[in-house]
Amino acid sequence: MGQLLLTLAFAFSIVNFAVFLLLFRKQKNNYMFFTFVAVMVSCFGHWLLGFSESVDGAILSNKINYLGSAFLPMLMFFTLAEVCRLRIHPAVRVLLIAFSCFVLFLSFTVGYSGIYYKTIEFVVQSGAGNYVATYGWGHDVFNAMIVLFGILDVGVIVHACLMRRVVSLKNIFAMFALQLVTVSSFVISRQMENDMLCMPFVYLADQLVLLYISMNVKWYDIARSVMQALEKDNGNAFVSFTPDGEYLGCNEIALEFFPKLAECRVDVNIPDTHEM
(Lines give C-alpha, C1' and ligand atoms only; values in the text may rest on other atoms or scores of the structure.)
Protein backbone atom coordinates (compact mmCIF):
# COMPACT_ATOMS: atom_id res chain seq x y z
CA MET A 1 0.00 0.00 0.00
CA GLY A 2 2.81 2.40 0.88
CA GLN A 3 4.50 1.93 -2.49
CA LEU A 4 1.21 2.66 -4.28
CA LEU A 5 0.69 5.87 -2.30
CA LEU A 6 4.23 7.05 -3.02
CA THR A 7 3.77 6.28 -6.72
CA LEU A 8 0.55 8.32 -6.79
CA ALA A 9 2.24 11.20 -4.97
CA PHE A 10 5.13 11.29 -7.43
CA ALA A 11 2.75 11.03 -10.42
CA PHE A 12 0.54 13.87 -9.15
CA SER A 13 3.59 16.07 -8.50
CA ILE A 14 4.44 15.71 -12.20
CA VAL A 15 0.83 16.47 -13.19
CA ASN A 16 0.76 19.61 -11.02
CA PHE A 17 4.06 20.75 -12.51
CA ALA A 18 2.69 20.20 -16.03
CA VAL A 19 -0.44 22.21 -15.16
CA PHE A 20 1.72 25.03 -13.83
CA LEU A 21 3.79 25.10 -17.03
CA LEU A 22 0.68 24.98 -19.21
CA LEU A 23 -1.27 27.72 -17.46
CA PHE A 24 1.43 29.94 -16.01
CA ARG A 25 4.46 29.54 -18.26
CA LYS A 26 4.72 33.35 -18.44
CA GLN A 27 4.55 33.67 -14.67
CA LYS A 28 7.07 36.27 -13.51
CA ASN A 29 7.70 34.45 -10.22
CA ASN A 30 10.61 32.16 -11.14
CA TYR A 31 10.91 30.95 -7.55
CA MET A 32 7.48 29.36 -7.85
CA PHE A 33 8.73 27.40 -10.87
CA PHE A 34 11.71 26.09 -8.90
CA THR A 35 9.43 25.26 -5.96
CA PHE A 36 7.41 22.95 -8.19
CA VAL A 37 10.63 21.36 -9.44
CA ALA A 38 11.89 20.86 -5.86
CA VAL A 39 8.62 19.20 -4.84
CA MET A 40 8.86 16.86 -7.82
CA VAL A 41 12.46 15.92 -6.97
CA SER A 42 11.57 15.34 -3.32
CA CYS A 43 8.59 13.14 -4.23
CA PHE A 44 10.87 11.19 -6.58
CA GLY A 45 13.29 10.61 -3.69
CA HIS A 46 10.45 9.41 -1.45
CA TRP A 47 9.26 7.12 -4.24
CA LEU A 48 12.73 5.59 -4.63
CA LEU A 49 12.95 5.16 -0.86
CA GLY A 50 9.66 3.27 -0.84
CA PHE A 51 11.01 0.80 -3.40
CA SER A 52 14.48 0.46 -1.85
CA GLU A 53 15.50 -2.92 -0.47
CA SER A 54 18.65 -2.17 1.49
CA VAL A 55 20.21 0.48 3.69
CA ASP A 56 22.44 1.63 0.82
CA GLY A 57 19.40 2.10 -1.41
CA ALA A 58 17.62 3.99 1.37
CA ILE A 59 20.61 6.30 1.86
CA LEU A 60 20.86 7.08 -1.85
CA SER A 61 17.10 7.69 -2.10
CA ASN A 62 17.19 9.97 0.91
CA LYS A 63 19.96 12.05 -0.64
CA ILE A 64 17.86 12.51 -3.79
CA ASN A 65 14.98 13.55 -1.54
CA TYR A 66 17.19 16.19 0.09
CA LEU A 67 18.09 17.61 -3.33
CA GLY A 68 14.54 18.94 -3.26
CA SER A 69 13.57 19.19 0.40
CA ALA A 70 16.74 21.02 1.48
CA PHE A 71 15.78 23.92 -0.78
CA LEU A 72 11.99 23.84 -0.40
CA PRO A 73 11.79 26.08 2.72
CA MET A 74 14.00 28.70 1.06
CA LEU A 75 12.12 28.56 -2.25
CA MET A 76 8.77 28.83 -0.47
CA PHE A 77 10.02 31.92 1.38
CA PHE A 78 11.25 33.56 -1.82
CA THR A 79 7.97 32.65 -3.53
CA LEU A 80 5.89 34.23 -0.77
CA ALA A 81 8.07 37.34 -0.83
CA GLU A 82 7.55 37.72 -4.58
CA VAL A 83 3.79 37.25 -4.27
CA CYS A 84 3.72 39.89 -1.53
CA ARG A 85 6.01 42.18 -3.58
CA LEU A 86 8.54 42.26 -0.78
CA ARG A 87 12.08 42.93 -1.90
CA ILE A 88 14.76 40.73 -0.34
CA HIS A 89 18.26 42.23 -0.26
CA PRO A 90 20.64 40.33 -2.58
CA ALA A 91 23.09 39.69 0.27
CA VAL A 92 20.30 38.09 2.32
CA ARG A 93 19.36 35.90 -0.65
CA VAL A 94 22.95 34.72 -0.98
CA LEU A 95 23.19 33.90 2.74
CA LEU A 96 19.93 31.92 2.68
CA ILE A 97 21.00 30.03 -0.43
CA ALA A 98 24.36 29.25 1.20
CA PHE A 99 22.61 28.04 4.35
CA SER A 100 20.38 25.68 2.32
CA CYS A 101 23.40 24.38 0.41
CA PHE A 102 25.17 23.75 3.73
CA VAL A 103 22.20 21.68 4.94
CA LEU A 104 22.30 19.71 1.70
CA PHE A 105 26.02 19.08 2.20
CA LEU A 106 25.36 17.82 5.74
CA SER A 107 22.68 15.42 4.47
CA PHE A 108 25.14 14.04 1.92
CA THR A 109 27.49 12.94 4.73
CA VAL A 110 25.11 10.09 5.60
CA GLY A 111 26.89 6.80 5.05
CA TYR A 112 30.31 8.39 5.51
CA SER A 113 30.11 9.96 8.97
CA GLY A 114 27.79 10.41 11.93
CA ILE A 115 27.31 14.14 11.42
CA TYR A 116 23.75 13.91 10.12
CA TYR A 117 22.71 10.41 11.18
CA LYS A 118 24.72 8.66 13.89
CA THR A 119 23.14 5.33 12.95
CA ILE A 120 20.77 4.29 10.18
CA GLU A 121 18.83 1.03 9.80
CA PHE A 122 16.68 -0.16 6.88
CA VAL A 123 13.09 -1.10 7.74
CA VAL A 124 9.81 -1.79 5.93
CA GLN A 125 6.82 0.29 7.04
CA SER A 126 3.30 0.20 5.56
CA GLY A 127 4.55 -1.99 2.73
CA ALA A 128 7.30 0.43 1.67
CA GLY A 129 11.01 0.73 2.28
CA ASN A 130 12.10 3.20 4.92
CA TYR A 131 14.84 3.77 7.49
CA VAL A 132 15.16 4.45 11.19
CA ALA A 133 17.98 6.80 12.17
CA THR A 134 19.60 8.27 15.24
CA TYR A 135 20.03 11.97 14.55
CA GLY A 136 23.34 13.79 14.79
CA TRP A 137 24.01 17.50 15.18
CA GLY A 138 23.73 18.00 11.41
CA HIS A 139 20.04 17.15 11.55
CA ASP A 140 19.61 19.76 14.27
CA VAL A 141 20.85 22.29 11.72
CA PHE A 142 18.12 21.09 9.34
CA ASN A 143 15.50 21.55 12.07
CA ALA A 144 16.87 25.03 12.78
CA MET A 145 16.51 25.85 9.08
CA ILE A 146 12.84 24.76 9.15
CA VAL A 147 12.19 26.99 12.16
CA LEU A 148 14.06 29.94 10.61
CA PHE A 149 12.13 29.87 7.35
CA GLY A 150 8.89 29.26 9.22
CA ILE A 151 9.46 32.48 11.17
CA LEU A 152 10.42 34.35 7.99
CA ASP A 153 7.31 33.09 6.19
CA VAL A 154 5.03 34.21 9.02
CA GLY A 155 6.80 37.58 9.03
CA VAL A 156 6.15 38.03 5.31
CA ILE A 157 2.48 37.07 5.67
CA VAL A 158 1.91 39.42 8.62
CA HIS A 159 3.71 42.25 6.80
CA ALA A 160 1.56 41.71 3.70
CA CYS A 161 -1.61 41.68 5.78
CA LEU A 162 -0.80 44.90 7.63
CA MET A 163 1.24 46.91 5.12
CA ARG A 164 0.66 45.62 1.57
CA ARG A 165 -2.87 46.46 0.45
CA VAL A 166 -1.94 45.53 -3.13
CA VAL A 167 -1.70 41.90 -1.96
CA SER A 168 -4.93 39.92 -2.17
CA LEU A 169 -6.48 38.78 1.10
CA LYS A 170 -7.30 35.53 -0.66
CA ASN A 171 -3.61 34.98 -1.29
CA ILE A 172 -2.70 35.95 2.26
CA PHE A 173 -5.15 33.43 3.73
CA ALA A 174 -3.95 30.80 1.26
CA MET A 175 -0.33 31.43 2.25
CA PHE A 176 -1.20 31.24 5.93
CA ALA A 177 -3.02 27.93 5.40
CA LEU A 178 -0.08 26.62 3.39
CA GLN A 179 2.39 27.50 6.12
CA LEU A 180 0.18 26.11 8.90
CA VAL A 181 -0.46 22.78 7.16
CA THR A 182 3.16 22.29 6.09
CA VAL A 183 4.76 22.97 9.47
CA SER A 184 2.14 21.13 11.54
CA SER A 185 2.25 18.10 9.23
CA PHE A 186 6.04 18.01 9.42
CA VAL A 187 6.01 18.07 13.23
CA ILE A 188 3.21 15.50 13.55
CA SER A 189 4.69 13.12 10.98
CA ARG A 190 8.08 13.26 12.72
CA GLN A 191 6.42 12.41 16.04
CA MET A 192 4.65 9.48 14.34
CA GLU A 193 7.95 8.50 12.66
CA ASN A 194 6.14 8.12 9.34
CA ASP A 195 7.05 11.30 7.47
CA MET A 196 8.16 9.15 4.52
CA LEU A 197 4.49 8.64 3.56
CA CYS A 198 3.02 11.88 4.89
CA MET A 199 5.32 14.58 3.51
CA PRO A 200 4.88 13.84 -0.24
CA PHE A 201 1.15 14.51 0.12
CA VAL A 202 1.85 17.67 2.12
CA TYR A 203 4.04 18.81 -0.76
CA LEU A 204 1.18 18.07 -3.18
CA ALA A 205 -1.13 20.24 -1.07
CA ASP A 206 1.50 23.01 -1.25
CA GLN A 207 1.52 22.71 -5.04
CA LEU A 208 -2.27 23.04 -5.20
CA VAL A 209 -2.21 26.16 -3.01
CA LEU A 210 0.52 27.66 -5.20
CA LEU A 211 -1.58 26.93 -8.30
CA TYR A 212 -4.48 28.79 -6.68
CA ILE A 213 -2.22 31.75 -5.86
CA SER A 214 -0.81 31.69 -9.40
CA MET A 215 -4.32 31.92 -10.82
CA ASN A 216 -5.03 35.00 -8.72
CA VAL A 217 -1.69 36.62 -9.56
CA LYS A 218 -2.30 35.97 -13.26
CA TRP A 219 -5.46 38.09 -13.23
CA TYR A 220 -3.76 40.90 -11.31
CA ASP A 221 -0.89 40.90 -13.82
CA ILE A 222 -3.35 41.05 -16.74
CA ALA A 223 -5.22 43.99 -15.20
CA ARG A 224 -1.95 45.78 -14.45
CA SER A 225 -0.61 45.20 -17.99
CA VAL A 226 -3.82 46.49 -19.58
CA MET A 227 -3.74 49.65 -17.48
CA GLN A 228 -0.07 50.26 -18.28
CA ALA A 229 -0.73 49.80 -22.01
CA LEU A 230 -3.66 52.23 -21.95
CA GLU A 231 -1.70 54.73 -19.92
CA LYS A 232 0.97 54.98 -22.64
CA ASP A 233 -1.56 56.29 -25.15
CA ASN A 234 -3.41 58.86 -23.03
CA GLY A 235 -3.60 60.57 -19.68
CA ASN A 236 -6.79 58.96 -18.40
CA ALA A 237 -7.26 57.38 -15.00
CA PHE A 238 -8.01 53.64 -14.92
CA VAL A 239 -9.41 51.56 -12.10
CA SER A 240 -9.93 47.81 -12.46
CA PHE A 241 -12.68 45.73 -10.84
CA THR A 242 -13.92 42.14 -11.06
CA PRO A 243 -17.48 41.50 -12.33
CA ASP A 244 -18.49 41.22 -8.64
CA GLY A 245 -17.16 44.70 -7.91
CA GLU A 246 -13.97 43.64 -6.16
CA TYR A 247 -11.09 46.09 -6.51
CA LEU A 248 -8.10 44.83 -8.56
CA GLY A 249 -5.92 47.91 -8.88
CA CYS A 250 -5.45 51.28 -10.57
CA ASN A 251 -2.84 53.36 -12.37
CA GLU A 252 -0.85 56.28 -10.99
CA ILE A 253 -3.15 58.85 -12.62
CA ALA A 254 -6.16 57.41 -10.80
CA LEU A 255 -4.29 57.77 -7.51
CA GLU A 256 -3.74 61.46 -8.25
CA PHE A 257 -7.50 62.00 -8.64
CA PHE A 258 -8.55 59.60 -5.89
CA PRO A 259 -5.74 59.35 -3.29
CA LYS A 260 -7.82 57.15 -1.00
CA LEU A 261 -7.58 54.34 -3.56
CA ALA A 262 -4.20 53.64 -1.97
CA GLU A 263 -6.13 52.53 1.14
CA CYS A 264 -8.22 49.99 -0.80
CA ARG A 265 -7.40 46.31 -0.42
CA VAL A 266 -7.14 44.14 -3.51
CA ASP A 267 -10.00 41.61 -3.84
CA VAL A 268 -12.27 43.61 -1.50
CA ASN A 269 -15.34 45.62 -2.54
CA ILE A 270 -14.91 49.38 -2.22
CA PRO A 271 -17.25 50.74 0.51
CA ASP A 272 -20.27 52.80 -0.58
CA THR A 273 -18.94 55.73 1.44
CA HIS A 274 -15.66 55.81 -0.55
CA GLU A 275 -14.88 58.93 -2.59
CA MET A 276 -15.07 56.85 -5.79
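## Aromatic pairs and packed helices

Searching the whole structure turns up 15 aromatic pairs, where rings of Phe, Tyr and Trp (its six-membered ring) pair if their centres lie within 6.5 Å. Keep in mind that this is a predicted model, where local features need pLDDT of at least 70, side-chain atom pairs count only at pLDDT 80 or more, and totals for chains, interfaces and linings use all residues. Residues are numbered from 1 along each chain as its sequence is written, and side-chain values use heavy atoms, with hydrogens and water left out.

**Aromatic rings**

- The rings of Phe 20 and Phe 36 have centres 4.6 Å apart and planes at 15°, so this pair is stacked (planes under 30 degrees apart count as stacked, over 60 as edge-to-face and the rest as tilted).
- Phe 20 sits in helix α1 (residues 2–24) and Phe 36 in helix α2, so the pair ties together parts that are 16 residues apart in sequence; helices here are DSSP runs (H or I, at least four residues), numbered from the N terminus.
- Phe 20 and Phe 36 are buried (under 20% relative accessible area, with a 1.4 Å probe and protein chains only).
- Phe 77 and Phe 78 have ring centres 5.7 Å apart and planes at 45°, so that pair is tilted.
- Phe 77 is buried, and Phe 78 is too.
- One aromatic cluster is made up of Tyr 66, Tyr 116, Tyr 117, Tyr 131, Tyr 135 and Phe 142.

**α1 against α2**

- The axes of α1 and α2 come within 9 Å and cross at roughly 160° (axes are lines fitted to C-alpha atoms, for helices over the stretch in contact, and angles run from 0 to 180 degrees between N-to-C directions).
- That makes α1 roughly antiparallel to α2, a label for angles over 145 degrees.
- Residues of α1 including Phe 10, Phe 17 and Leu 21 meet residues of α2 including Phe 33, Met 40 and Trp 47, with contact meaning heavy atoms within 4.5 Å.
- By class, the contact of α1 with α2 has 16 nonpolar, six polar and no charged residues (Ala, Val, Leu, Ile, Met, Phe, Trp, Tyr, Cys and Pro count as nonpolar, Asp, Glu, Lys and Arg as charged, and the others, Gly among them, as polar).

**α2 against α3**

- Helix α2 (residues 30–50) packs with helix α3 (residues 55–69) at an angle of about 165°, and their axes are 7 Å apart.
- α2 and α3 are therefore roughly antiparallel to each other.

Terms used
Helix = DSSP H or I, 4+ residues; strand = E, 2+ residues; numbered from the N terminus. Parallel < 35°, antiparallel > 145°, perpendicular 65-115°, else oblique. Buried < 20%, exposed > 50% of the residue type's maximum accessible area, 1.4 Å probe, protein only.
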